[in-house]
Each structure stands twice: as structure tokens, then as C-alpha cells.
Amino acid sequence: MLNIAIPRLSSAEWQDVKATLSAVADCGCGEPVAAGPVRSRIGHALDAILGPKKVHPVTLAPHLHDVRAFLCESGRTRAIAERHVPTLAAQGYSRAQIEALALLGA
């Protein structure tokens, strides 16, 4: 988990954060590698390199691709992916909302 304080947001801002997280929830980038037999670990390693297999492709609105990239990088690095912050801010997210996304999405 990220080491940041819980941002102060209005209920409407929290609803926006919740809706955004729900929209990108099944991107698959935050799944931990499970321990198990060698075959399972090899499968997880291949998923990490090639990307996880998806039964149904996720249709994501174009503006959420940047959010997904931010969440995936923040989750991998366990730090706010600062290089994505200007793009999210340009989409109308406040710094507090961006921090909430990182905190809840990690």
C-alpha cells in the first residue's frame, strides 16, 4: 500500500473515484503472482510477460486508458506514478482524487 494520507474529498469526488476504479477494475495488471506448482508459476510468469489471458476483451473508454496506465504503474511501483499526473489533471482529476485513485488502486 502507498504511504500517503487519505485525501479529503467530497462525496461527489469519492463517487467519481469509485466509478473510475470500477471502470478499470478488470485490467488485470494488479494481480499478484500466486505461489504453487512449477507449472502454475511458469504460467503466471508468462502472463506477466505477455499479458494475462482474458475471456472477454475489456472495452474501455479512451479517457480511461490513461487512468489504467496510472493505476498499473502505481500498483507495480507502490508509488504515485507522477509522470501520469499531468494527463489526469488535464482530464479534470484533482490532486486529491489522483492520490485516492493511487491509494485505493494499489
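Among contacts (heavy atoms within 4.5 Å) between residues at least 6 apart in sequence, 68% join residues at least 24 apart. The model is predicted, so to speak of local features a pLDDT of at least 70 is needed and side-chain atom pairs count only at pLDDT 80 or more, while totals for chains, interfaces and linings use all residues. Residues are numbered from 1 along each chain as its sequence is written, and side-chain values use heavy atoms, leaving out hydrogens and water.

**The overall picture**

The protein has five helices and zero strands, giving the pattern α-α-α-α-α along the sequence. Helices (H or I, at least four residues) and strands (E, at least two) are DSSP runs, numbered from the N terminus. Of the 106 residues, 28% are buried. Here buried means under 20% relative accessible area, exposed means over 50%, and partly exposed is in between, with a 1.4 Å probe and protein chains only.

Let's look at H3, which covers residues 62-77. Its 16 residues reach 24 Å from the first C-alpha to the last, close to the 22 Å expected at 1.5 Å a residue; the expected span is 1.5 Å times one less than the number of residues.

| Helix | Buried residues | Covered by or packed against |
|---|---|---|
| H5 | Gln97, Ile98, Ala100, Leu101, Ala102, Leu103 | H1, H3 and H4 |

Arg78 follows H3 and lies in the loop between H3 and H4. Arg78 is not a glycine, yet has a positive phi of about 55°. With 47% relative accessibility, Arg78 counts as partly exposed.

**How H1 meets H5**

Two packed helices are described by the angle between their axes and the distance between the axes. The axes of H1 and H5 come within 10 Å and cross at roughly 45°. Axes are lines fitted to C-alpha atoms, for helices over the stretch in contact, with angles from 0 to 180 degrees between N-to-C directions. H1 and H5 are therefore oblique to each other: under 35 degrees is roughly parallel, over 145 roughly antiparallel, 65 to 115 roughly perpendicular, and the rest oblique. On the H1 side, the contact is made by Glu13, Trp14, Asp16, Val17, Thr20 and Leu21, and on the H5 side by Gln97, Ala100, Leu101, Leu104 and Gly105.
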